[in-house]
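Open the model in your viewer and keep the selection tool at hand.

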Amino acid sequence: MIPRSILAVTDFSIQGTLAMARAALLCAKHGATLKLVYLAPADEAPPPDAAVRLSHHALQLQQRHYITVHAATRTDFMAASVASEAKSADLVVWGTAPLRGLRGWFSAHPAIRLLRATKRPVLVVRQRAEQPYQSVMVAVDFSAASRRLVEWAVALHPSARVELFHAIDTANEGKLRYAEVSEQAIRMYREECRRHAQSRMLTLFDSNDARRNRLSSSIGRGNPARQVLVQQQSMGADLIVVGKHPASWLADLVFESVAQRVLHGARADVLVAPHGFQPASRGAAIERLSTDMPVRRVKAGAPRPPGYPNPAAMPAGT
């Protein structure tokens with residue numbers, strides 16, 4: 001679960017600079033390689049010196065953190081091209097200025113669109129990278145993917161304090177009241193939901209091998225996305241880790257996911273991991289080996305005799 005290759009996406013905005021700094025810090029922590037890619041804002045052409053500026057950032061980060069940094073030579077990257085680059089990275093660190101106005105509210109976050117196209121975890125950076133993350137909150141829903149989210153958070157930040165948080169959605173209580181169910185029955189239902197959540201949280205907590213003094217857990221009630229943001233501010237977490245169920249762009253637009261709502265409202269950094277994601281390092285290494293090794297074509301049939309004497313077959317003393 002430890003990243004070996006990281007792709008940082010920047011548009012040279014403040015967010016882009018923060019993203020490159022955070023990506024370099026993670027690379028230094030895990031011995032990963034870093035690649036920088038420039039992505040121009042929508043409907044804008046890249047500046048003429050974009051490649052030079054990107055190379056300058058790469059050199060600075062390499063000298064400051066003693067890591068391997070590559071700068072993309074192309075500056076005409078579109079979103080689809082960035083998605084193609086991201087498929088060979090274990091983690092994408094996203095740093096572009098947020099969309100403004102109605103377009104920002106009524107369209108999916110660019111990180112969500114990239115995640116949907118690549119199935120790679122995307123870290124959206126909003127804070128200065130002055131030190132490694134100290135406090136991480138993992139939003140869990142007790143699905144099969146929740147355990148991997150916890151493992152990812154623990155491995156990504158070995159010294160950070162990690163809190164597992166689950167919010168009990170109260171939407172069903174509203175349906176019960178609409179159906180004129182008694183308050184006593186609603187209280188019993190609420191208590192049963194709480195006991196069920198505590199049991200599932202204990203199971204998830206015990207399944208992790210991290211030191212117990214690093215892990216804690218809490219349960220809230222209400223809209224999951226809103227409760228995640230409230231809990232993050234309460235505990236002072238500098239990173240939120242949240243999963244993303246597979247969904248089409250139309251479903252994300254009409255029924256905004258918890259991950260997207262957290263991205264819209266969080267002031268802390270947010271790591272969104274798609275369910276079922278796989279590290280890309282092994283596949284990328286195999287592909288590199290297959291393309292870097294010389295290919296020798298051999299004709300079928302019996303081997304041809306050499307056109308020169310074989311030293312191994314010559315008698316001694318000749």
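**Stop 1: helix 1 and helix 2**

The model is predicted. Select residues 14–30, helix 1, and residues 50–65, helix 2. Their axes come within 10 Å and cross at roughly 40°. The crossing of helix 1 past helix 2 is right-handed.

Now show side chains. On helix 1, pick Met20, Ala24, Leu25 and Ala28. On helix 2, pick His57, Leu61 and His65. These residues meet across the pair. Colour them by type: the contact has 5 nonpolar residues, 2 polar ones and no charged ones.

**Stop 2: Tyr66**

Step to Tyr66, in the loop between helix 2 and strand 3 (69–71). Tyr66 has a relative accessible area of 74%, over the 50% cut-off, so Tyr66 is exposed.

**Stop 3: helix 3 and helix 5**

Move on to helix 3, residues 79–86, and helix 5, residues 110–118. The two pack at an angle of about 55°, with their axes 9 Å apart. Helix 3 and helix 5 are therefore oblique to each other. Look at the handedness too: helix 3 passes helix 5 in a right-handed crossing.

Which residues make the contact? Helix 3 supplies Val82, Ala83 and Ala86. Helix 5 supplies Leu114, Ala117 and Thr118. By type, this contact of helix 3 with helix 5 holds 5 nonpolar residues, 1 polar and no charged.

**Stop 4: Thr118**

Stay in helix 5 and centre on Thr118. Is Thr118 buried or exposed? Its relative accessibility is 5%, under the 20% cut-off, so Thr118 counts as buried.

Draw a distance from the Thr118 side chain to the backbone oxygen of Leu114: the value is 2.9 Å. Then display the surroundings. Leaving aside residues up to four places away in sequence, Thr118 touches Ala83, Ala86 and Lys87. Ala83 and Ala86 also belong to the helix 3 side of the contact with helix 5.

**Stop 5: Lys119**

End at Lys119, in the loop between helix 5 and strand 5 (122–124). Check the backbone here. Phi of Lys119 is positive, about 60°, although the residue is not a glycine. Lys119 has 42% relative accessibility, between the 20% and 50% cut-offs, so Lys119 counts as partly exposed.

Conventions. Residues numbered from 1 in each chain as written. Predicted model: local features only at pLDDT ≥ 70, side-chain atom pairs only at ≥ 80, totals over all residues. Heavy atoms only, no water. Axes fitted to C-alpha atoms, helices over the stretch in contact; angles between N-to-C directions. Helix = DSSP H or I, 4+ residues; strand = E, 2+ residues; numbered from the N terminus. Parallel < 35°, antiparallel > 145°, perpendicular 65-115°, else oblique. Left-handed = near helix turned anticlockwise from the far one by under 90°. Contact = heavy atoms within 4.5 Å. Nonpolar A, V, L, I, M, F, W, Y, C, P; charged D, E, K, R; others polar. Buried < 20%, exposed > 50% of the residue type's maximum accessible area, 1.4 Å probe, protein only. Polar contact = N/O pair within 3.5 Å; in protein donor to acceptor, adjacent residues only side chain to side chain.
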